[in-house]
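The entries follow in the order in which I looked things up.

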Amino acid sequence: MNTSAMARSGRFRARRTARGSVTEGAARAGFTARGVIYLLVGVLALQIAFGDTGRQADRGGALQELAHKPFGAVLLWALGIGLVGMALWRLSEVIFGSVGKDGRSPRKRLMAAARCAFYVFVAYSVLAFAVSRHQSGNSSDQQSRDATARALEIPGGQWLVGAAGLVVVGAGGWIAVRAVMRKYHDKLRLGQMSRRTRRLVDVTGVAGGTARGLVFAVAGVFAVRAAIDYEPDRAKGLDDTLRSLADTPLGPWLLVCVAAGLVLFGVFSFAMARWRRV
């Protein structure tokens with residue numbers, strides 16, 4: 001190999017290493033930000049279960065909580081930047097592929113693209129709140145009802161809303177099943193964990209993922225009901241979905257269990273920030 005070829009090879013390796021470091025940092029910041037949001041939503045849901053019904057257990061409520069903390073503005077901007085990092089990492093998976101033997105398959109790239117779009121939206125909403133904290137905007141419940149109403153007005157909207165609801169139900173079931181089967185093991189650096197740490201991560205991953213999947217599935221059921229009855233008000237956002245769990249025969253204890261699960265999922269996200277293979 002001549003000198004120029006060796007130089008080009010060295011520059012390529014340097015760029016790849018630098019890109020990998022930036023991507024890894026963005027991903028870990030994103031998982032940390034996700035963990036903060038789920039942790040706060042879970043705590044707010046627990047407060048609702050124990051009688052503090054004035055709280056709003058969704059992303060907006062979590063942001064309001066952060067805004068009232070010392071250095072709230074700094075925390076909000078850090079959260080938004082972390083979520084931007086998550087979106088950029090997912091974008092890199094679309095372009096370069098993700099870890100794993102089938103990381104460059106069209107299916108994985110499509111899933112990465114969907115996740116990238118989702119985190120772009122979430123990051124935008126958080127940064128918009130950080131800019132103008134005097135107003136929180138519509139709750140997740142109102143946003144769900146408005147989106148459902150608009151969708152029902154278009155031709156074939158009833159079928160569209162119903163299909164979307166079924167997709168969300170399926171996604172919730174998929175999330176819960178994968179959590180119970182501990183599929184996240186494939187993405188973790190298990191060799192760097194002690195046996196005790198691995199057990200703790202499994203508790204948070206299984207319980208947290210199951211709770212998260214259940215919330216998705218219940219929200220999807222409400223969307224299907226809204227489509228069948230042609231009533232947008234039957235669609236529910238995260239806050240109303242969680243509150244509906246307290247109206248089951250199990251009473252508020254189901255909400256307590258799910259809220260605790262969301263707190264555990266927040267902790268699991270912190271574990272992903274530490275040990276996720278990127």
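What is the helix content over residues 200-228, and how far apart are the end C-alpha atoms? I looked this up in a predicted model. The chain over residues 200-228 is 100% helix and 0% strand, and its end C-alpha atoms are 42 Å apart.

**Entry: annotated spans**

I took the ranges from UniProt, where the unreviewed entry lists residues 31-50, 70-91, 112-131, 159-180, 200-228 and 253-273 under "transmembrane region". For residues 112-131 I found 100% helix and 0% strand, with 28 Å between the end C-alpha atoms.

The unreviewed UniProt entry also gives "domain: DUF1206" for residues 29-96, 112-182 and 207-276. I checked two of these ranges. Residues 29-96 are 81% helix and 0% strand, and their end C-alpha atoms lie 20 Å apart. Residues 207-276 come to 79% helix and 0% strand, with the end C-alpha atoms 18 Å apart.

**Entry: helix 2 against helix 3**

I noted the angle and the distance because two packed helices are described by the angle between their axes and the distance between the axes. Helix 2 (residues 59-67) packs on helix 3 (residues 72-96) at about 140°, and the axes are 7 Å apart. The angle makes helix 2 oblique to helix 3, because only angles over 145 degrees count as roughly antiparallel.

From helix 2 I listed L63, L66 and A67, which meet G72, L75, L76 and L79 of helix 3. By class, the residues of this contact of helix 2 with helix 3 are 6 nonpolar, 1 polar and no charged.

I then looked at the loop between helix 2 and helix 3, where F71 is found. F71 is not a glycine, yet it has a positive phi of about 60°. Its relative accessibility is 68%, so F71 counts as exposed.

**Entry: helix 5 against helix 6**

Helix 5 (residues 140-153) and helix 6 (residues 157-180) pack at about 135°, with 6 Å between their axes. Helix 5 and helix 6 are therefore oblique to each other. On the helix 5 side I recorded T148, A151 and L152, and on the helix 6 side G157, Q158 and V161. The residues of the contact of helix 5 with helix 6 split into 3 nonpolar, 3 polar and no charged.

I found R182 in the loop between helix 6 and helix 7. R182 has a positive phi of about 60° although it is not a glycine. With a relative accessibility of 40%, R182 counts as partly exposed.

From R182 I went to G209, which is 27 residues away in sequence and 9.4 Å away in space, C-alpha to C-alpha. G209 is found in helix 7 (residues 195-229). Is G209 buried or exposed? Its relative accessibility is 3%, so G209 counts as buried. Setting aside neighbours within four places in sequence, I found G209 in contact with I175, A176, A179, T204 and F265.

**Entry: V258**

V258 has its place in helix 9 (residues 252-275). V258 counts as buried because its relative accessibility is 3%, and the cut-off for buried is under 20%. Which residues does V258 touch, not counting residues up to four places away in sequence? I listed A211, L214, V215, L242 and L245. V258 and A211 are 47 residues apart in sequence, but their C-alpha atoms are 5.2 Å apart.

**Entry: P232**

P232 is found in the loop between helix 7 and helix 8 (238-245). Its relative accessible area is 23%, so P232 is partly exposed. Leaving out neighbours within four places in sequence, I found P232 in contact with R145, T148, A149 and L152. Of these, T148 and L152 also belong to the helix 5 side of the contact with helix 6. P232 and L200 are 32 residues apart in sequence and 41 Å apart in space, C-alpha to C-alpha.

**Entry: cysteines**

How many disulfides does the structure hold? I found 0. I looked up the exposure of two cysteines. C116 is buried, at a relative accessible area of 12%, whereas C257 is exposed, at 55%.

Notes. Residues are numbered from 1 along each chain as its sequence is written. This is a predicted model: local features need pLDDT of at least 70, side-chain atom pairs count only at pLDDT 80 or more; totals for chains, interfaces and linings use all residues. Side-chain values use heavy atoms; hydrogens and water are left out. Axes are lines fitted to C-alpha atoms, for helices over the stretch in contact, and angles run from 0 to 180 degrees between N-to-C directions. Helices (H or I, at least four residues) and strands (E, at least two) are DSSP runs, numbered from the N terminus. Angles under 35 degrees count as roughly parallel, over 145 as roughly antiparallel, 65 to 115 as roughly perpendicular and the rest as oblique. Contact means heavy atoms within 4.5 Å. Ala, Val, Leu, Ile, Met, Phe, Trp, Tyr, Cys and Pro count as nonpolar, Asp, Glu, Lys and Arg as charged, and the others, Gly among them, as polar. UniProt positions are given in the numbering used here, feature names are shortened, and annotations may be inferred rather than shown by experiment. A disulfide is a pair of cysteine sulfur atoms within 2.5 Å. Buried means under 20% relative accessible area, exposed over 50%, partly exposed in between (1.4 Å probe, protein chains only).
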